Each structure stands twice: as C-alpha cells, then as structure tokens.
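Q: I would like to go through this structure with you. Could we begin with one of its pockets?

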Amino acid sequence: MQPADLTTLVALTHELNIACVPARLEQVHQSDRHTIHLQLRTLEKKQWLLLSWHPQAARLHLSAPPSKQPDTFTFSQQILHQVAGFALVSVKLTSPWERVIDLQFAKRPDDEVQWHLYLEVMGKYSNAILVNANGEIVTAAHQVSQKQSRVRPIQTGDRYELPPALLEAIPSLSESFDSWRDRLILIPKEIKRNLLSNYRGVSSSLVRSLIAIADLDGDKNVADLTRSEWEALYQAWLMWLTSIEQKQFYPHLEGKGYSLTPSLSHDRSPSIPLNKGEEDKSPPLLRGGDLKPLLSVNEFCDRYYSQQTGQVAFQQLHQQISQAIQNQLTKLTIKENEFLDRLKLSTQADDFKDKADLLMAHLHLWEIGMKEIKLTDFHSEAPVIIPLDPTLNAAQNAQSFYKKHQKQKRAALAIAPLLESVQQEITYLEQVSTAVSLLEQSELPALREIRAELAQQSYLKVTAEYAPRTKTNNKGGKNKSNRTKQEEIPDCHRFTTPNGFEVWVGRNNYQNDLISFRIAGEYDLWLHAQEISGSHVLLRLPAGAIADEQDLQVAANYAAYYSRARQSDQVPVVCTIPKYVFKPKGAKPGMVVYTHEKILWGQPTNLRMG
C-alpha cells in the first residue's frame, strides 16, 4: 500500500478547500483506533471527511458515510464536544513542503479561528491533535510522554509545536537544470537514492513515477547517466512541480501504487478494480491522449485506500481467525484421541468379568502364593492365563476383577457424552473453517461477522470492535422482535437459476441461521452438502411455483461449491423443505438437523462462477 505523500496531500487539500469550505461540523464518528469521520454540511449537501493516522495509510479525503457501529472512542467524543457546530474555514498544509494538515474551525466563516485539528502524516509517527486558540493541546489520538520522546512530547495541556522542519532543499521551478543536476550528482549513488535525499516533498512513489516517465533505471549511478537521460529526468521533474503549482493532478494506478503526475505518453491507465457486486458508476481515470482527469483525487484516494486497507484488514483478520480455529482444533483433536483411548480401555470391562467368573468357578485350583493361574475359557475352550495378586486369595482376586469391570463400565458411560460433545465442537469449528476459507478479500464484513460469532462463542477474545451487538427494550431485556430491515436481509451470495428463481447462499454461520430459520418460506427448498461442512443454501420459490430438475441441479451445484468438497466432481447434497430443518437446543450457530431429505448430486466443477 502506497503512503500518501506530499503531492497527494497538496492535491487533496486543494480539492477539499473547494468542496467543503466553509462547512458546519455536525457529527464526529471514530470507526477504529486510527480513523475518524467528520460530517460536514455545506449549503448544498452533507459530506463525510475521513481523517486517518494509520501507520501505513495516514491521509484525509472525502468518503462514504461510516458504518453504523457504536463509537466507543473518547478521542472522537472530545472533538465532538468541543468543536460541534463550528464552521470548517480552512484546510491547508502548515507549510508548503511539510506533511502536516491544519483543519481550522471558527464560530462563523468570517470569525477568528478557535480550533485547530492537526493531522500529521508521518508514517508510524502519524497523529491527529486537537488544539485550541491558545495553542494548547486539548486531546490527541496518541499521547506521547516525555519518556517516549524528549524532543517532542504530545500530552493534554502542553503547547502544540509543529514537527521539526526538514533540512533538505526546497524544490523550485526556477532552479536551473545545471544547479539541479549538480546537486544530485554531488554524491555518487543511485539516482533514486539521491532524488529522495536531496529535496523535500519527494517520496519513493514519486521517484518511481519520475524515473518511469524518464524511462531510466533507478539503480543506475548518477555518475553513469548521460546528458540526454538527465534532461529526460529534468523534464519529468518540471512536470511534477508544474502540477503542484497549477494544482492540476491526474490520478491513475501505476505499478505497485499510483501517481498523480501524467506520463509523457498519456497511456490509458487502469481503473481501480471494484469489489464483487459493486457497480462502477465512474469513468476510467484517464483516457488515451486526454489529459483531463475524469476522477477527482478525493474519489481516487477514497477508492484506492478503502480497497488497500480492506485487503490488509481482511488478511490480518483471516490469519487471526484461521490460526485461532487451527489451535482450537488441535487441542480438541488431542482431547478426542484421549477419550477414544479411554473408551477403548473400557471395552475391557467384559474381559475383567469373564476372568472373575472363571476364578469363581475354579476356586479349588488356587494355591497360596500363585501369581497367575491357567484356566480354560467357558466359550472358546482356549487356555486363559489370569494374573493374580499373591497377597489375595482366589475369591478376593475375583472381587478385584469385578470392581474393575464396574469401574470401566462407569467410565464408558461418563466418557461417551464427553466424546460426543468434543466431536460436535470439532464439527462446528470445521464448519467455520470452511466458511472462512471460501471468503474472498472483498467479503470483509462477512469475515467480521465470523469474528463476532467466534468471540460470542469464547473462541476469540472479545473486543469492542467485534463484540456481538444486541438490541434491548426499554426494560433492559433483549428485544428479539425489534429488528431493522437491514438486519433481516443478510448480505449473502445470490444467484439465479435458468428459470429465474433465486438461490441464496450463506457466507457464514450467522447468515446460515438467518436464511434457514428467519428468511426461509414454506415454499422454499433447503440444501446442504451431506455430512460435509459448508454453507446453507435456499432455493427461493414463490407460492405455487415448482422447481424443475435443472433448477434443483443448479442449487445443488452451489451447495456443493460452497462446501469443503468444492474440488470434487460430484458431492452428495441433501434437499428438504425448511420446516424439516431444526436447531437442537444449545446448538452452536449454523449447526442443524434435518429430516425428510432426498439426495441430489451436486457438480461444483461444472459451475461457472461469475
């Protein structure tokens, strides 16, 4: 993920001053520990401004409204308490070549500034700080103590000081080619390193873009560059400075990141891919030969960073959940094997009883001091050697075997339900593991639902961000009936059969339960891979409609595809009506039993996924 550099911040602040200054601050919402959203109302409309101090993705830009989740962060609440109702009157960099943005608020657009919200975009040191008119820090996203930094502590009540100024030279359009070249050639290093270390506002992504425009090798030593190569690089350098001076930017994807400076060839640049199911209502970023940007820098950054941070969040959460499930499955497998071994030992109970019966029938053959006795089995007539305790007589040895027989029988009765419980837990976790493995990077909300489910089941530590949320009534109890329409309709997979019937496929156990027990109608059909972990599938049928073999086959194919057996040629799939699907008392999410089923054969490999 490419960090926002000075060029990006210049472009964003320029657009923000046009789009939302002045504007009234109405709401502040913090969606995570690195991001807040400011709701701004201009004369024309409401807009949400995102501010992030994420170590890899610090930036600010207009964005979609934040998700409707409880805000439990004090930082946002303090900003709301102090600044709500004030007017945003300016969004600017504190210095033309520094990456600190100053959002200024006043009672009215023409009044004196009363509040400053500083966003410091400095990699892992990024921060957001609210400062009053006297220059005192009121609150900060990250408090920095004297022990953490003697140079620049950041704590409530301290006077706010800007970060230390950079020492590199300031880029200028007026600098001559010879002066610029002499500065870069002074130390014989790679050209990409010298560009980074000699001027302010130059980032790795910008260097990559300039070198690509000039068609150079960035690892080439400055002493080896020809004059024509220097001139090509200088032209790219001037193009960048002109874009900043004229505030004209051309956002487009480029290599591993993006660039706001157009290439000399003006080739058509790829647009940012959308999430599955998302409609692309915006035109491509640049068209060949056309230097007019068709997507604003704010829109571009919103889409780019939303996707990049979403992918990072998905990968981290996916790894966390997968690791937790695997660790738990390992523990449960060990426990299952222990129970199976103990249950196997309990099968020796009848053997102890047979030995006791043999001893009781042959008491007369016992002699004092015997450590074993050889007797003939009643049934097989084979010789049986019975070990004896020499300190006990024959009857006492027989009673000892009878006691072992009773003990093993009791152990079998006690272990059987424990073993069943462990095996059910293993089945449940395998079901969750399958759901996790089938999710794609665009399905972060579904993965978060799994995270909340596992937290609710105590497999993961509960956090404020992922804790399951329940509505309560006025008396403080859970309100099961007061559900919104959005909560009732899950964001599950939806497909269409050849005859136009919908097929709903749960992405996780929460959605599985919802479509099986709250969405399913009396005319629908319910499908699931037989004795294989996978998604619940619902073939939606209106009253009086009958699904033909082709519709059933398509639904069975989806049930097979969204299961652990998706790589198989054929998968047995059970099909029944929803009223014959039951959740046992105390069962975990997604776990059901069913009756009156018939078997279909799903063919996942024949399913063409869109």
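Predicted model: local features only at pLDDT ≥ 70, side-chain atom pairs only at ≥ 80, totals over all residues.

Q: How many residues line the second largest pocket, and which lie nearest its centre?

A: The lining consists of 23 residues. Those nearest the centre are Thr427, Gly590, Met591, Val592 and Val593.

Q: Which element gives the most to that lining?

A: Helix α9 does, with 7 residues. The elements that contribute two or more residues are α9 (394-438), β16 and β20 (593-594).

Q: And what is the lining like by class?

A: It has 10 polar, 8 nonpolar and 5 charged residues.

Q: β16 came up there. Which sheet order does β16 belong to?

A: Strand β16 is part of an open sheet of 6 strands, ordered β14-β15-β17-β16-β18-β21, and the pairing is antiparallel. At the edges are β14 (493-496) and β21 (598-602), each of which pairs on one side only. On average, neighbouring strands of this sheet are turned by 30° against each other, direction ignored.

Q: How many bridges join β14 to β15?

A: There are 4 bridges between β14 and β15 (residues 502-505), and the two strands run antiparallel. In one of the pairs, Thr496 has Glu502 of β15 as its bridge partner.

Q: Which strands does helix α12 touch?

A: Helix α12 (residues 509-519) packs on the sheet and touches β15, β16 (525-529) and β17 (537-540). The direction of α12 makes about 135° with that of β15.

Q: What about α13, which strands does that helix lie across?

A: Helix α13 (residues 549-561) lies across β14, β15, β16, β17, β18 (571-576) and β21. Relative to β21, α13 runs at about 75°.

Q: Changing topic: at what angle do α3 and α6 pack?

A: Helix α3 (residues 177-185) packs with helix α6 (residues 227-246) at an angle of about 105°, and their axes are 11 Å apart. Because angles of 65 to 115 degrees count as roughly perpendicular, α3 is roughly perpendicular to α6.

Q: Which residues make that contact?

A: From α3, the contact uses Phe177, Trp180, Arg181, Leu184 and Ile185. Helix α6 supplies Arg227, Trp230, Glu231, Leu233, Tyr234 and Trp237.

Q: How do the residues of the contact of α3 with α6 divide by class?

A: They comprise 8 nonpolar and 3 charged residues, with no polar ones.

How values were computed
Residues numbered from 1 in each chain as written. Heavy atoms only, no water. Pairing = 2+ DSSP bridges. Axes fitted to C-alpha atoms, helices over the stretch in contact; angles between N-to-C directions. Contact = heavy atoms within 4.5 Å. Parallel < 35°, antiparallel > 145°, perpendicular 65-115°, else oblique. Nonpolar A, V, L, I, M, F, W, Y, C, P; charged D, E, K, R; others polar. 1 Å grid on protein atoms, 1.4 Å probe; cavity = no way out; pocket = protein on both sides within 12 Å on 5 of 7 lines; lining within 4 Å.
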